[in-house]
Amino acid sequence: MALGQTVLYAGSYYAFPALLPDLVTATGWSKGTLALGPTLAFLIMASLTIWTGRLVDRGLGGEMLVWGPTLAALGVLGLGFAPTPAVWLLAWALIGVAQAGCLYETCFAFLTRRLGDGARAAITRVTLVAGFAGTLAFPLGHWVGEQFGGQGGMLVFAAVTALAVPCNLWAVRSLRKRARAGSEPAPTPPGLLQAALRRPAFWAIAVSFGLIWLNHGILITYVLILFEDRGAASGMAALAAACIGPAQVAGRLMLLMAGARVTTGQATTAALGGVVAASALLWLAGAAPLLIFAFALAQGAGAGLMSILRPVLIAEVLGRSGFGAISGAVAVAPILASAAAPSVGAGLLALGGPQLVYAACLVLAVLGMALAAALLVRRPG
């Protein structure tokens, strides 16, 4: 499952920022036009995530984890052949449908349903490996972009995405055999999502993660452009971007090693602090370009921990019953934020250049941390 998520994120998520400069050159389209593609995919994903969560609750998560990567690979393949912006958007629409059924949200809900209390450790292990998706994608994108151009590089990433199909198929079969050896998960009672929507904690988690994911989405989408604005050469920028993945893994590994000694509240505070520090470091990198590596470490560790902590917070605060639907509903905010991020980033660059991006991302990080802090104050530990 970990390997499946790694190649899925590398091929269908990080391929776009990894190839963005080459895609502009290959197509002649503006960054804003290109960014409409992932924005559309995220909007479609957000519209489907509650429905796919309910399918997980009904026992169909495994099927989505197998068929989703197949559709995603076809969509990425379409990006490599898209002759017009209309076809480009159509391919991204297919990717959005696929991602709703096979990325972290479905994977984590499937693991939570199958493993119960053991899900936190399983989710952490999955993300330890999948954190290397960016490490795989950015150097690969730099190389294939030079060799084959932006759209030619997308054909390589389509093959990378397709590797998730056998990985997920084996993982799903193994987990279901384990369930048959014990007992199948109990059916989900009705009305749990409606009850969760009436709780302020639900909205605090959703909005806080939405703000953080808007920050992260803007910075990841335009990371190479922003690094070059800070004075880094293209090779140095690609190397620094590749450090984000190992930083995600390092943060998750520290959390795994800390175990019960670190509470969910403490881990959340540390992760949000890392995201705030990262935005400040990127702004300061104009005076010292090597600070882009410090940014990569702080942003990677902070965002990497947040991807683990969201399902953990949902399970601890809102309960495990109906987790698929509730987790899917919470995910709408960060997915919409990710959808908006490429276009918001393009708008910020057009309005005020990189300086406006740095300022806006710092504000988003601080607001997200403040909202999460208010939730944690009401919930000791």
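How do the residues of the lining of the largest pocket divide into nonpolar, polar and charged? They divide into 11 nonpolar, one polar and two charged, where Ala, Val, Leu, Ile, Met, Phe, Trp, Tyr, Cys and Pro count as nonpolar, Asp, Glu, Lys and Arg as charged, and the others, Gly among them, as polar.

Before I go on, please keep in mind that this is a predicted model, in which local features need pLDDT of at least 70 and side-chain atom pairs count only at pLDDT 80 or more, while totals for chains, interfaces and linings use all residues. Residues are numbered from 1 along each chain as its sequence is written, and side-chain values use heavy atoms, with hydrogens and water left out.

Let me stay with the pocket. On a 1 Å grid over the protein atoms alone, a pocket is an open set of points with protein on both sides within 12 Å along at least five of seven lines, a cavity is a set where a 1.4 Å probe fits but cannot get out, and lining residues have an atom within 4 Å of a point. The largest pocket has a volume of about 290 Å³, a volume being the space filled by probe spheres set on the points, which are joined across faces, edges and corners. Of its 14 lining residues, Met-1, Ala-2, Trp-170, Ala-171 and Leu-175 lie nearest the centre. Helix α9 gives the most to this lining, with six residues; helices here are DSSP runs (H or I, at least four residues), numbered from the N terminus.

The largest holds about 360 Å³, and among its 24 lining residues Tyr-9, Tyr-13, Tyr-104, Trp-213 and Ser-307 lie nearest its centre. The most residues in that lining, four, come from α16, and by class the lining has 14 nonpolar, seven polar and three charged residues.

The second largest cavity has a volume of about 150 Å³. Its lining is made by 15 residues, of which Tyr-13, Pro-17, Pro-38, Phe-42 and Thr-221 are the closest to its centre. Two or more of the lining residues come from each of α2 (15-27), α3, α5 (85-102), α11 and α17.
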